[in-house]
Amino acid sequence: MAKRTLALCRQAPYGSALAREGLEAVLAAAAMDQAPDLLLLRDGAFQLLGDQSPEGIGQKSLQRNLLALPMFGVERVYVCERSLMERGIDAKRIEIPGVKVELVLDTGSFIAAYDTVLSF
Amino acid sequence: MKFSLAVYSAPHSSQSAASALRFAQALLAQGHQLYRVFFYCDGVHNGSSIAAPPQDEFDLVGQWQALQRQHQLDLVICIAAAQRRGVLSEREAERLEKPAANLADGFELAGLGQLADAVANSDRLVTFGG
């Protein structure tokens, strides 16, 4: 049976290189038909917000990486509901075309169901 | 048990990289296998041959190299992360027209697929730093 792998994305999109490099690792694994599930947690929830204008700080948009997910067979991402609440992010404001966003309430038991966790 | 490690932190800036090395030493000493150490993000600096810490400080790069020689470890540095941060093999330095190469012996540059491969082929992946 194939291993179940989860990628945890915990960083806001432009504060740390780990946000971008995490998504790059997810896409690389997906390109090898080993797509992990994706859980956006804590400040990682900010990655899902639309209307980002990173050009103002000389950054490339991270949303392009998220938009590429369905092309690599990732059609669903999970987001921690409490992380959204704590940051005042309305779940209705998060949308990635081609990707279904599912809220997770009990992240602990959710994560425990995976064989391997990649932490970014 | 078969382990792989993912190292995201540079040596000499946080304890994470040193903890990864000590974890690697401990698991090998206990008879476990180390399938691969994958250096990603700032962790790529662990493979820089030109780091020159003061003599009374821990030489992390040298310790990784010694462990690699002793156990024929697969120490893989993510090539994309390394290019961004200036850790280049002779070949990459030439290809990218940069004036110097600094990839330490015992480490190799490879793609992110090696991380996915490590996940697929190890019982445990342990992440340090980030």
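Tutor: Gladly! A:L38 counts as buried, with 25 C-beta neighbours inside 10 Å. Keep in mind that this is a predicted model.

Student: What makes 25 neighbours inside 10 Å enough to call A:L38 buried?

Tutor: The cut-off is 20 or more other C-beta atoms within 10 Å. A:L38 has 25, so it counts as buried.

Student: Where is A:L38 found, and which residues does it touch?

Tutor: A:L38 is found in strand 2 of chain A, residues 37-40. Leaving out residues up to four places away in sequence, A:L38 touches A:A7, A:C9, A:V26, A:V74, A:V77 and A:Y78.

Student: Which residues have the most contacts inside the largest nonpolar core?

Tutor: Those are A:L40 and B:V37, in a core of 68 residues. Helix 1 of chain A, residues 17-31, gives the largest share of this core, seven residues. Again not counting residues up to four places away, A:L40 touches A:C9, A:A45, A:Q47, A:L48, A:V77, A:V79 and A:C80.

Student: Turning to chain B, why is it called as compact as a globular protein of its length?

Tutor: Its radius of gyration is 14 Å, close to the 14 Å that the globule rule gives for 130 residues, so chain B is as compact as a globular protein of that length. Chain B has five helices and five strands, in the order β-α-β-α-β-α-α-β-α-β along the sequence. Buried residues make up 43% of its 130 residues.

Student: How many residues of chain B are in contact with chain A, and what classes are they?

Tutor: 15 residues of chain B are in contact with 14 residues of chain A. Helix 3 (79-85), helix 5 (113-121) and strand 5 (124-128) of chain B each give two or more residues to the side that touches chain A, and the largest share, five residues, comes from helix 5. By class, that side of chain B has 11 nonpolar, four polar and no charged residues.

Note on methods
Residues are numbered from 1 along each chain as its sequence is written. Chains are lettered from A and ligands numbered from 1 in the order in which they are written. This is a predicted model: local features need pLDDT of at least 70, side-chain atom pairs count only at pLDDT 80 or more; totals for chains, interfaces and linings use all residues. A nonpolar core is a set of buried Ala, Val, Leu, Ile, Met, Phe, Trp, Tyr and Cys residues joined through C-beta atoms within 7 Å. A residue is buried if 20 or more other C-beta atoms lie within 10 Å of its own, exposed if 12 or fewer, and partly exposed in between; C-beta atoms are placed from the backbone. Helices (H or I, at least four residues) and strands (E, at least two) are DSSP runs, numbered from the N terminus. Two residues are in contact if their C-beta atoms, placed from the backbone, lie within 7 Å. Ala, Val, Leu, Ile, Met, Phe, Trp, Tyr, Cys and Pro count as nonpolar, Asp, Glu, Lys and Arg as charged, and the others, Gly among them, as polar. The radius of gyration is taken over C-alpha atoms; the globule rule is 2.2 Å times the number of residues to the power 0.38.
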